[in-house]
Amino acid sequence: MFDTFSQVGDLVAAIQHRWHHTPAAALILGSGLGGLADRIDNTVAIDYSDLPHLPQSTTIGHRGRFVCGTLGGVDVIAMQGRFHGYEGHSIEQVALPVRVMSGLGAELLVVSNAAGGLNPQYRVGEVMVIDDHINLMFCNPLVGANDPRLGPRWPDMCCPYDRALADQAQSISRTSDIVCHRGVYVGMLGPTYETRAEYRMVRRMGGDVVGMSTVPEVIVAVQLGMRVLGLSTITNACSPDQLGKTTGEQVVAAAATASEELRAIVEGVLQSPSTASST
Ligand code: HPA
């Protein structure tokens, strides 16, 4: 019944065997954003396939390994490639690495993704700090028996994304001339991109961007009490009345164009994560 706890223990031990540091932060690098891992120094890379209990990453633009090391002098563990529900993994498996990175000591989670822009003011290649999310995946990684060693049964979700970190990310963007919006991420299961009617629906619901990840990992991070910074790169414009075709290759390529901006924001925040929200 409480298998997850022992799986986390096995994974933590296997990583600690190869990398002897306590990460200050955990990073999840989404589609096309794995290039950020190249900025990590003193790296120890561990393929998911060399670790127990983890599924394999099957998505283009996702390398499938942990990259451990220092980013701007700060100890981090990064997932170069993540798992998605649409790959057929259970939603609990999708979120398992967050439990592992928290088990290694990371108290802060930076999660990045590629997303379609619903807000008509957003342009491809721009960045959005996630202010909040809507879970339209129709599943939740915390469904099932609750193991209190992993966190509370009913985690509060009034503020899953840390306000102080989001403010800081926006202020770093302003100083670095990076266009950085703040808005709501809508998580869909995928793997299909949305129909025009679905894009209309999620926009009316209050979404600014839409994607197929992030929500499960953030829910688990909140249950673990981690501070979360979420960053979306806009990879395609979801204008229902003039919709062009979207392909995975196009999304990965568009995401890669913002990797320098993302690096600047993430490195800036990690240098000294703010605890004071200005809102
Ligand atoms: N929809 C869902 N997921 C996505 C999109 C989209 O338009 N773009 C990138 N990921």
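**Close-up 1. Strand β5 and the shell around the ligand.** In the shell around the ligand, β5 is the element that gives the most, with 3 residues, in a model that is predicted. Strands β8 and β9, like β5, each supply at least two residues of this shell. Altogether 13 residues surround the ligand, and the closest of them are G116, E194, Y199, G211 and N236. Sorted by class, the shell residues comprise 8 nonpolar, 4 polar and 1 charged.

Close-up 2. Considered alone, the ligand exposes 260 Å², of which the protein buries 96%.

**Close-up 3. The largest pocket, in which the ligand sits.** The ligand sits in the largest pocket, whose volume is about 360 Å³. Its lining is made up of 24 residues, and those that lie nearest the centre of the pocket are S31, Y86, Y193, M212 and V251. By class, the lining holds 11 nonpolar and 11 polar residues, together with 2 charged residues.

**Close-up 4. Secondary-structure elements that line the largest pocket.** At least two lining residues come from each of the strands β5 (108-117), β8 (209-211) and β9 (227-237), and at least two also come from α6 (248-256). Among the elements, β5 gives the most to this lining, with 4 residues, and β5 likewise gives the most to the shell around the ligand, where its contribution is 3 residues.

Close-up 5. Between G190 and P191 the peptide bond is cis, with omega near 0°. P191 belongs to the loop that runs between β7 (180-188) and α4 (196-205).

**Close-up 6. The backbone at N42 in strand β2.** Although N42 is not a glycine, its phi is positive, at about 50°. This residue is found in strand β2, which covers residues 41-47.

Terms used. Residues numbered from 1 in each chain as written. Predicted model: local features only at pLDDT ≥ 70, side-chain atom pairs only at ≥ 80, totals over all residues. Heavy atoms only, no water. 1 Å grid on protein atoms, 1.4 Å probe; cavity = no way out; pocket = protein on both sides within 12 Å on 5 of 7 lines; lining within 4 Å. Points joined across faces, edges and corners; volume = space filled by probe spheres on them. Nonpolar A, V, L, I, M, F, W, Y, C, P; charged D, E, K, R; others polar. Near = heavy atom within 4 Å. Areas by Shrake-Rupley, 256 points an atom, 1.4 Å probe, with all protein chains shown as cover. Sits in = over half its atoms within 2 Å of the grid points.
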